[in-house]
Amino acid sequence: MGEYKFYFLVILASFLFIHHTLRELNTDKNGNKMSEQPDYEFQNPNSSWKPTSALNVESLLNLSSDMKAIFKKGNLSDIVLVCENLEIPAHKLILFARSPVFTRMFTEGTENRILISDVNQSAAEQLVLFMYTGRINELSYSTASDLYAAADKYAILELKAICRQAIISLLTISTATEALILADTHNDSEMKMRITSYIFSNIKEIKETEKWTVFLKEHSKLGTEVLSFIINHLI
């Protein structure tokens, strides 16, 4: 047990280090992209040696796989997330590091069982998996929509951006209005604009659907915004 705990702490420390430094690897102190550097360089024999690049893709993938194994096995977990009939063993320190919402929750004090509401089981599990590994499974439109809402709720901005792109890429005539409602609900102006542009480009087909009629009736304010956009771009 002692050896496993040590292994876990080493992996966890590496994970937290990557989380806070990965974005700085390819930029200098002024924010400019750095040119590629060799993995080693000759130095004075009397001086110390250190690699010029501490991280690489292979090590990141290995770390992600190790973190996935820890999540799947649930060893040394100290909290349980409950979603519908699903119980997800997790580690407070991971959730604390990855989500400002969990950070605030644990700082204020909480029980060792947390109810994850307004999220289905599949989205909840992928949400937690992403917090451990930085990766998610292939997304359908439906899953991307559910996961987008969950990522926004727990302020996991990287995951929210991934889901936003998936939703936009998977837009169809039948999903355009519900995607627009989702973007409006979560105050995502970028997503609203992209979807509104899609509706404008496909308005002939969309306006013939029953969903469009229902949309204009039940979301009149948002519908007015879309119609104004269309009129302004037709003039």
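Is Arg164 buried or exposed, and what is its relative accessible area? Select Arg164 and you have a buried residue, with a relative accessible area of 15% (buried is under 20%, exposed over 50%, partly exposed in between, using a 1.4 Å probe and protein chains only).

Before moving on, some ground rules. This is a predicted model, where local features need pLDDT of at least 70 and side-chain atom pairs count only at pLDDT 80 or more, while totals for chains, interfaces and linings use all residues. Residues are numbered from 1 along each chain as its sequence is written, and side-chain values use heavy atoms, leaving out hydrogens and water.

**Stop 1: the partner of Arg164**

Asp188 and Arg164 form a salt bridge, with the closest N and O atoms 2.9 Å apart (a salt bridge being a side-chain nitrogen of Lys or Arg within 4 Å of a carboxyl oxygen of Asp or Glu). Asp188 sits in the loop between helix 8 and helix 9 and Arg164 in helix 7, so the pair ties together parts 24 residues apart in sequence. Helices here are DSSP runs of H or I with at least four residues, strands are E runs of at least two, and both are numbered from the N terminus. Asp188 is buried as well, at 4% relative accessible area.

**Stop 2: helix 6 against helix 7**

Show helix 6 (141-153) and helix 7 (157-169). They pack at an angle of about 150°, with axes 8 Å apart; the axes are lines fitted to C-alpha atoms over the stretch in contact, and angles run from 0 to 180 degrees between N-to-C directions. The two helices are therefore roughly antiparallel (over 145 degrees; under 35 is roughly parallel, 65 to 115 roughly perpendicular and the rest oblique). For the contact (heavy atoms within 4.5 Å), pick residues including Tyr141, Leu147 and Tyr148 of helix 6 and Leu159, Cys163 and Arg164 of helix 7.

**Stop 3: helix 8**

Select residues 176-185 for helix 8, whose buried residues are Ala176, Thr177, Ala179, Leu180, Leu182 and Ala183. Among the elements covering them are helix 6, helix 7 and helix 12 (220-234). After helix 8 comes Asn187, with a positive phi near 50°.

**Stop 4**

The whole structure has nine salt bridges. Arg113 is partly exposed at 48%, and so is Glu87 at 47%. Finish with Asp184, Lys192 and Glu225, linked in a network of salt bridges.
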